[in-house]
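Subject: Handing over a structure, with notes on what I found

Dear colleague,

I am passing this structure on to you, and my notes follow below it. Please have the coordinates open while you read, so that you can look up each place as it comes.

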Amino acid sequence: VKAAAAEANRQMAKARDAAENPPAPVELGAEEVLSALEAAVEVGRGGFGVVHAVELPSLPGWGRVAVKRALSGVDAREVMAEVSNLRRCAHRDVLPLLGYCGAPRAACIVTALMRGGSLDDHLLLSPDARARLQKLGFKGTPGLSWSQRLSALCDAARALVHLHSNSILHRDVKTANILLDGALLPLHTAGGERRVYRAFLSDVGLAKERAGGSMTMATNATSNVYSTGFADPNFLDSNQHSAKTDAYGLGISLLMALTGGEPSRGLRSTHEDDVLDMVAGKEGAGGGLLHAARRAARWPQAATQELVKAVHGLVYERKSQRLPLPEALAAFEAALRFGGDDDGGADAGAAAAAAPVAAERPTASGAGFSASGATSSGASASASSSSGGGSTSAPGSLTRAVGGLHKEYVAGGGDASLARLQDRISNAYLSMMGHLERRHEQRGGAPLPKGSSEEEKINALAPRSAGQSQLCDSAHTLRRWYNACRHERGQWSVGARPSDKEVARVIERIRGLLDLERRA
């Protein structure tokens, strides 16, 4: 038993490494696939294909892997399109691609097997979900603590931010597409060490590149891609996907993790009054939702109150005022770090420290990058507040990035201070670019050419010729650091990387320049 557990842990560590350092995918022959599938165990099924757990000779050392074989009638070209998407979308929080077969009679893709099943399995714990977890070889306790649920959503949000930063829409964000690797790892927070699972966003084969590389441009759906309960009403009305419809699916996933409710059974409408009343700061508001959160996973009240604001911004707010995804991610991470212990208790001091950095509401123009320091309505001032308290001033998104709203570096022997610095830079850069692109769109600027590099985007969004040389130069500095974070993670030597103070100065300079521009 110990040997089997050690082997499973080794394979899961190998999967995490494959996400960090994507291997070249192996092209499999039809005969190998068909032969292996004869003894395979079915562990999942969707609209595209059936997922089997099986060993493949061409992938030695991996043990069982996940083979998603296309259903009858699915064109093999669709499989190869999914392979192409997976290769372009590689990221530490995206399910890694290991191999594929393009032969029509055995068309499939192969990924690492996630023994922890899906977040959906753990939230619903239906008989089918329990049976699936057993088939996968999950050895933990089904159901997940509140911090394990939130950690998984943080990982999925990071993956989604990565896709959007590369002008790619997922188009089917839901709890069934957030997979857990099944190995508990330490996460250091203000409340002490917690044990969480690494999570990966899957099914990016449904992803679609956005026209013109715009961060805000909607893309016509090429098929009816959506899941009941997770689909944004704006998509159902217009048949158009956008970054905001992706974020809506994440918001519903958060509401499901908080309450344990099922999206297909009116989850959004069930809690609408509680969410709106809590965000409005009404006295005694949200009793039903808070009770559901305690019952579902003993969610700390302070964390629940802050996360409800994120749910509101992602799900209930009208489309033009939706909370930008990087802002929601910052709120998730703050709640995870400061929310309390896994028994639902809250550290009053930590909660008070978290309150000033709660997710802020978008400004009236819809810009999530608030250089003016917008307030967050009803920010919790202490863990014991039952109504959310009064408004607390919240700094802008870049200030929060400088303040260190990040997920601590999850074990693996890395440099935690480097990981924090890189996360800080990444959050700040993505927020800045979101602001610049929204500003460009609001001014009636032409869509950026498809395939524009990050350097070309900045030159177009903050041109030196328009008297924005300081902003342009500072944005390019942040861009170079961001590129280093993406491509040299864990390899940035201490001598080569910028200091915390240097990063803070550049971020604050950008914030100040945008603030001056806003006031002009």
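Asp246 is a buried residue, with a relative accessible area of 1%, and its place is in helix H8, which covers residues 243-259. Please keep in mind throughout that this is a predicted model. The side chain of Asp246 makes a polar contact of 2.9 Å with the side chain of His164, and a polar atom of that Asp246 side chain also lies 2.8 Å from the backbone nitrogen of His170. If residues up to four places away in sequence are left aside, Asp246 touches Leu160, His164, Leu169, His170, Arg171, Asp172 and Val173.

As background, most residues other than glycine have a negative phi. Arg171 sits in the loop between strand S7 and strand S8, the latter running over 178-189, and with a relative accessibility of 9% it counts as buried. Ser167 is likewise not a glycine and has a positive phi, of about 60°; it belongs to the loop that lies between helix H6 (146-165) and strand S7 (168-169). Is Ser167 buried or exposed? Its relative accessibility is 5%, and because the cut-off for buried is under 20%, Ser167 counts as buried.

Strand S8 leads on to strand S9 by way of a hairpin, in which 2 residues join the strands. The two strands, S8 and S9, pair in the antiparallel sense, over 9 bridges, and in this pairing Leu180 stands opposite Ala199 of S9. Strand S9, which takes in residues 192-201, is mostly covered, with 7 of its 10 residues buried.

In the largest nonpolar core, which has 99 residues, the members that touch the most others are Trp299, Phe332 and Leu478. Helix H6 supplies the largest share of this core, namely 11 residues. Another core lies apart from it and has 24 residues, including Ala18, Val54, Ala106 and Phe200. To return to Phe332, its contacts, not counting residues up to four places away in sequence, are Leu150, Leu153, Cys154, Ala157, Leu250, Leu254, Leu307, Ala310 and Leu314.

Phe332 is also one of the buried residues of helix H13, among which are Leu325, Glu327, Glu333 and Phe338 as well. Of the 14 residues of H13, 12 are buried, and the helix is therefore largely enclosed by the rest of the structure. How far apart are the end C-alpha atoms of H13, which spans residues 325-338? They are 20 Å apart, which agrees with the 20 Å that the 14 residues should span at 1.5 Å a residue.

I finish with the charged pairs. Side chains of opposite charge can pair when their charged atoms come close. The count of salt bridges in this model comes to 18, and one of them is formed by the side chains of Glu31 and Arg105, at 2.4 Å from N to O. Glu31 lies in helix H2 (residues 30-37), whereas Arg105 lies in the loop between strand S5 (97-101) and strand S6 (108-112), so the pair ties together parts that are 74 residues apart in sequence. Arg105 itself is partly exposed, its relative accessible area being 49%.

A second salt bridge joins the side chains of Asp121 and Arg132, at 2.7 Å from N to O. This pair links helix H4 (residues 119-124), where Asp121 lies, with helix H5 (residues 127-136), where Arg132 lies, and the two residues are 11 residues apart. Asp121 is buried, with a relative accessible area of 4%, while Arg132 counts as partly exposed at 26% relative accessibility.

There is also a network, in which salt bridges that share partners join Glu20, Arg92, Asp93 and Arg198. Within it, the side chains of Asp93 and Arg92 meet in a salt bridge of 3.7 Å, N to O. Asp93 is buried, with a relative accessible area of 0%, and Arg92 is buried too, with a relative accessible area of 18%.

With best wishes

Conventions
Residues are numbered from 1 along each chain as its sequence is written. This is a predicted model: local features need pLDDT of at least 70, side-chain atom pairs count only at pLDDT 80 or more; totals for chains, interfaces and linings use all residues. Side-chain values use heavy atoms; hydrogens and water are left out. Helices (H or I, at least four residues) and strands (E, at least two) are DSSP runs, numbered from the N terminus. Buried means under 20% relative accessible area, exposed over 50%, partly exposed in between (1.4 Å probe, protein chains only). The expected span of a helix is 1.5 Å times one less than its number of residues. A nonpolar core is a set of buried Ala, Val, Leu, Ile, Met, Phe, Trp, Tyr and Cys residues joined through side-chain atoms within 4.5 Å. Contact means heavy atoms within 4.5 Å. Two strands pair if DSSP finds at least two bridges between them. A polar contact is a pair of N or O atoms within 3.5 Å; within protein, one must be able to donate a hydrogen and the other to accept it, and residues adjacent in sequence count only if both atoms are side-chain atoms. A salt bridge is a side-chain nitrogen of Lys or Arg within 4 Å of a carboxyl oxygen of Asp or Glu.
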